[in-house]
Structure formats: structure tokens, C-alpha cells
Amino acid sequence: MSTFLILFDVTAVVVAMPAIAKDVGLDIAGLAWVIDAYSLAFAAALLASGALADRFGRRRCMLVGNAVFLVASVACGMALSEQMLLAARAAQGIGAAFMATGGTALIAIAFPNVSQRTRAFGVLGVISGIAMAAGPTLGGFLASWFGWSWIFFANVPFCLALAMAVPRLVTETNDREGRRLDLVGIALLTMSLGLAIDALLRRDGSLALRATCLIASITSAFVFLWQQWRSPRPVLDPRVFATLPMAGVAALLTAIQFGYWAVLVYLPLFLSAALHISMDAAGVALLAATLPMLAVPLIGGRLATYWGWRRLFTAAFGLVAVGDVSLVMAALSDDPEMRLAATVAGMATIGVGAALANPQLSGVVLALAPSTHAGMASAVTFVVRQAGFAVSIAALGLTLGAVNAAAEFAQPFALAAFVALLGMIVALVLLPAKSLQHSAQA
């Protein structure tokens, strides 16, 4: 349930973006920050939540995160200004990080048998897919019939159910000798991501100021990596991605954020400008891009076995690039029928490509990482995904001139296609030809 809430709140909100922008008075940068405030806080809090969960208890960590998420959801629904909404979204991200960390650890401990644990996380993956697919449709329905605030108010009964169920069903566990709380690392990572996003979205700032922010962001990132590399017990060990194949996977984790997830954020705005459809209709239309997340991952798992990683990810990112190009054609087309056909084809194609790649990327990380670093590899993957998501939304927002003209979306979709194409090249050059499962069978 907590996993569903965390992911539902991302995809449900994107459908209501036009209505939120109108009521709260947000420009393009403000719209991007509605998503990025959540993602930035999520990524930063992940570094703290793991150490605190080990020390004070995983169940307690999850329940505290649930309480923060509940209060923040109510605050989001009641927000009357941009500042209040962004602050509440950041608080939601912090709560979501503690829910995710505590919940994942509790599942791993509840199923000590490897095969049972694999099945448990498989169920979690299915729930994630349902949340991503259902989010736009349910969010569009809630926003259209009751107002966008109810996307956030709808979290309340689920959070209350979790607060009552978890203490009765889940045993507390902790490890007082676990990871330490690295305040310096948290500050450096937050500064790096925050400065990069601010530089990309600060349209009213001078070029010198934006360049300074980007340089400071890169510097903070290098200092963070250096600090973690030298630490005897790093919170986020950069050695996980120190080999070429693992560096390639990190690049693919970032590329899929540009090619699919960030595009998903801007699609409702595009659908409104290009096809003039309502929020509930936009939620239904987005099923073309999200429904493949339910069925296609099963096909992706089989293709990984028979094709190997290199061919699978090359094909997957090729599909994402083709789908983004189709969206560029839709944005530039003046023919309504051509625009509709290109939009639907583009959404379906990026959905299939992302569904082939997205679930398999986490599996590749865990397969390539040493078994003793499996937990750390999973944590690094989570942070890379969230950081890439935040930066990709800001980067696409930088290229978007206005939200009321379809042609304005050609540039962000073109950038998404370009990064997806780079991902295709990375997969072709850096990934092993065969998956470990394939090699074992051979």
C-alpha cells in the first residue's frame, strides 16, 4: 500500500498540472518544481532514512514516514500559494523516502528465504506497475470531478489504514551497529541536485548566475563522491558503479528518466494544448503510455534471457527514441488527424520501450554487483533514479517555451529522443552481450 501511494502521487499529479497551474498561479518552472520538490527531497532523505531505520527500527521508520506523508498530503491539498505547495511536496518526498526504506527493509527481513523474497519483491513490482498505470486515470477522474486537491486528500484513508495495520502485522527490527547518519553527505547531495535544478529552471537569472550554480552543483557532486569514496562505511558507495558495465547501467538509469518518465510529466500539458482534451480524458489517454508497464515487463524478462542485456536494452531505448520522435512530429504537425495518430503512436511506443527496460535495469545492477554489496547497489540505484528524474524534468522544462501551443513541446520531446538515442549507444557499447542468466544456461 505504501509503495502504491508513493508512485501514485507522481503519476496522478501530472494529469492535474494544468489545473494546479491555473489555481495556484504557476509558470513552467513552478510546474517543474511541483514534481522536483518531491523528487529532490526523496533522494536526499533516502541517505538519512536508511541509517535512522537501522538505528531506531524499520517499522518505526515506516510509520513516521507514513505520518509525515499524511500531514504533507493534507497540506498539499490545502495549498493556496506556490510556496506552500512546494514546501508540502518536499515534506511528502521526505515521508515517502522513509516509507520506501522502512517498507523495503521489512519485506526483506520478513522473507529470509531467497526464493520467497524474490517472489515478494515481484509482487511489489506488480503493485508499482499498477500504481503507475492507474495514477493518471484515477488522478484525472479525481481532479475532474472533485478538484485537484482530492488527489492529495485521497491519500488520507490509506495512510490511516497503514498506521493501524502495520503495528499489528509487522514485527519491529533494528540494527544499532548499522550505518551512521552522514549529515555532510546529505547536505552535499542536496546542494548538488538543488543547484542544478535551480540553474536549469531559473529563467529570470543572468547567464553568469546560472553558470555559477551549475559549476557549484558539479563541484558539490565531486566532493560528495570523493567523501563517500574515502569513507570506511559510506552511506552511498560510488564503487558500485566503478566498472564500465555498471557505469553504463547508471547512464541508462538516467536516460530512461529523460526519454520516458520526464516526458510523462509534460504529456498532460501537451495533450491539453495539442488535442484540447479535459483532465479526465487526458488521464485515460495516458494509459497508452502507462499500461505497457503492467504486461510488457514479463516479456522483457524473457528477452533478457534469450537476447542478452545488450540487445534487449539497445532495442528498448531505440523504441523510446522512436516514440519521442513521433511526439516531436505530433507537436509540429498542423493536421489534427496526423497529430492525434502520432501522439497515440508515440505514447504507446515509449511505453513499450520503457516497460522493456525499466524493471530489468534494477535486476542488472543486482546481478553485476557483488552479493555483499546488494543492499548498497539497490540504494544507489534508487538515488540515481530519483536524481535523474529531478534533473530530467528541469532540463525538459528549460527547453519548453510555453504550455499553450503544441509546437512549443517539440524541443523537450526532441531532447528526450536525443538522450534516449545516447542510451541506445551506451547499451550497445558498454553492456555485456549476454545476461548472467543466459550465460548460466549456456
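## Salt bridges

Arg202 forms a salt bridge with Asp198, and their closest N and O atoms are 2.7 Å apart. Arg202 is partly exposed, at 28% relative accessible area. This is a predicted model. The structure holds three salt bridges.

Another one joins Asp9 and Arg89, with the closest N and O atoms 3.8 Å apart. Asp9 lies in helix 1 (residues 2-15) and Arg89 in helix 5 (residues 82-110), so this pair ties together parts that are 80 residues apart in sequence. Asp9 counts as buried, at 0% relative accessibility. Arg89 also counts as buried, at 0%.

Arg239 and Asp237 also meet through their side chains in a salt bridge, at 3.1 Å from N to O. Arg239 is partly exposed, with a relative accessible area of 36%. Asp237 counts as buried because its relative accessibility is 7%, and buried means under 20%. Side chains of opposite charge can pair when their charged atoms come close.

## Helix packing

Helix 9 (residues 183-201) packs with helix 10 (residues 207-230) at an angle of about 155 degrees. Their axes are 8 Å apart. Helix 9 and helix 10 are therefore roughly antiparallel, since an angle over 145 degrees counts as such. The crossing of helix 9 past helix 10 is left-handed.

Helix 3 (residues 28-56) and helix 4 (residues 58-78) pack at about 150 degrees, with their axes 8 Å apart. That angle makes helix 3 roughly antiparallel to helix 4. Here the crossing is right-handed: helix 3 passes helix 4 that way.

## A nonpolar surface patch

Six side chains deserve a look here: Phe418, Leu421, Leu422, Ile425, Leu428 and Val429 form a nonpolar patch on the surface. Together they have about 570 Å² of accessible area.

Ile425, one of the patch residues, lies in helix 18 (residues 410-430). Ile425 counts as partly exposed, at 45% relative accessibility.

## A backbone detail at His276

His276 has a positive phi of about 55 degrees, although this residue is not a glycine. His276 sits in the loop between helix 11 (244-275) and helix 12 (279-285). Is His276 buried or exposed? His276 is exposed, with a relative accessible area of 67%. That value is over the 50% cut-off for exposed residues.

Definitions and conventions: Residues are numbered from 1 along each chain as its sequence is written. This is a predicted model: local features need pLDDT of at least 70, side-chain atom pairs count only at pLDDT 80 or more; totals for chains, interfaces and linings use all residues. Side-chain values use heavy atoms; hydrogens and water are left out. Patches are made of residues with over 30% relative accessible area and no salt bridge: like charges are joined within 9 Å, nonpolar side chains (Val, Leu, Ile, Met, Phe, Trp, Tyr) within 5 Å. Accessible areas come from the Shrake-Rupley method with a 1.4 Å probe; for residues, only the protein chains shown count as cover. A salt bridge is a side-chain nitrogen of Lys or Arg within 4 Å of a carboxyl oxygen of Asp or Glu. Helices (H or I, at least four residues) and strands (E, at least two) are DSSP runs, numbered from the N terminus. Buried means under 20% relative accessible area, exposed over 50%, partly exposed in between (1.4 Å probe, protein chains only). Axes are lines fitted to C-alpha atoms, for helices over the stretch in contact, and angles run from 0 to 180 degrees between N-to-C directions. Angles under 35 degrees count as roughly parallel, over 145 as roughly antiparallel, 65 to 115 as roughly perpendicular and the rest as oblique. A crossing is left-handed if the near helix is turned anticlockwise from the far one by less than a right angle, and right-handed if clockwise.
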